[in-house]
Amino acid sequence: MASEALIDLLKALAAAGAAGFLIGFEREWSNKNEGGGEDFAGARTFTLVGFAGALAGAFDGLMIAAVGFLLIGTLTIVGYRIAASGPEKRLGGTTEIALFVTYLLGLAAAEGMTLVTVVGAVTVA
């Protein structure tokens, strides 16, 4: 019984990590092709956020998921403010919103919604 739960957790982490990496890689690639400067989040950050969402969802605590939600939301707002006030005055918020959605996809993966996670990642990327 415990091994089934561990396998389910590993599946959720793999799906969330893969989703985060796919989205982050696409954001990095798009930014470099557009000649943009340094982005505040790339493939590694998106992968970690996906993992964080899956871990928060795996603990079955609404409070943990809500705290993670607020932390990722705060990171998203801070990232946007930094990008908007930088020398390039980048006002697009796609990367910031994609980071937020990656956390939600991690939560979905933890709830066993692997198909939703995969389709969501492909859609966002």
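The axes of helix 1 and helix 4 come within 8 Å of each other and cross at roughly 165 degrees. That angle is over 145 degrees, so helix 1 runs roughly antiparallel to helix 4. The model is predicted. Helix 1 spans residues 2-33, and helix 4 spans residues 94-110.

- Two packed helices are described by the angle between their axes and the distance between the axes.
- Helix 1 passes helix 4 in a right-handed crossing.
- Helix 2 covers residues 43-58, and its axis comes within 7 Å of the axis of helix 1.
- The crossing angle of helix 1 and helix 2 is roughly 150 degrees.
- Because angles over 145 degrees count as roughly antiparallel, helix 1 is roughly antiparallel to helix 2.
- The crossing of helix 1 past helix 2 is right-handed.

- Threonine 95 sits in helix 4.
- Its relative accessibility is 1%, so threonine 95 counts as buried.
- Threonine 95 and glycine 24 are 71 residues apart along the chain, and their C-alpha atoms are separated by 8.5 Å.
- Glycine 50 belongs to helix 2.
- Glycine 50 is buried because its relative accessible area is 0%, where the cut-off for buried is under 20%.
- From glycine 50 to alanine 108 the chain separation is 58 residues, and the C-alpha atoms are 9.9 Å apart.

- Leucine 6 lies in helix 1.
- Leucine 6 has 48% relative accessibility and therefore counts as partly exposed.
- Leucine 6 and phenylalanine 100 are 94 residues apart in sequence, with 26 Å between their C-alpha atoms.
- Phenylalanine 21 is also placed in helix 1.
- At 46% relative accessibility, phenylalanine 21 is classed as partly exposed, because that class lies between the 20% and 50% cut-offs.

**Salt bridge**

- Side chains of opposite charge can pair when their charged atoms come close.
- How many salt bridges does the structure hold? There is one.
- Arginine 27 forms a salt bridge with glutamate 26.
- The closest N and O atoms of arginine 27 and glutamate 26 are 3.5 Å apart. The pair counts as a salt bridge because the cut-off is within 4 Å.
- Are arginine 27 and glutamate 26 buried or exposed? Both residues are buried.

**Nonpolar surface patch**

- Which residues make the nonpolar surface patch? Phe21, Phe25 and Trp29 make it.
- The area of this patch is about 370 Å².

Terms used: Residues numbered from 1 in each chain as written. Predicted model: local features only at pLDDT ≥ 70, side-chain atom pairs only at ≥ 80, totals over all residues. Heavy atoms only, no water. Patch = residues over 30% accessible without salt bridge, like charges linked within 9 Å, V, L, I, M, F, W, Y side chains within 5 Å. Areas by Shrake-Rupley, 256 points an atom, 1.4 Å probe, with all protein chains shown as cover. Salt bridge = Lys/Arg side-chain N within 4 Å of Asp/Glu carboxyl O. Helix = DSSP H or I, 4+ residues; strand = E, 2+ residues; numbered from the N terminus. Buried < 20%, exposed > 50% of the residue type's maximum accessible area, 1.4 Å probe, protein only. Axes fitted to C-alpha atoms, helices over the stretch in contact; angles between N-to-C directions. Parallel < 35°, antiparallel > 145°, perpendicular 65-115°, else oblique. Left-handed = near helix turned anticlockwise from the far one by under 90°.
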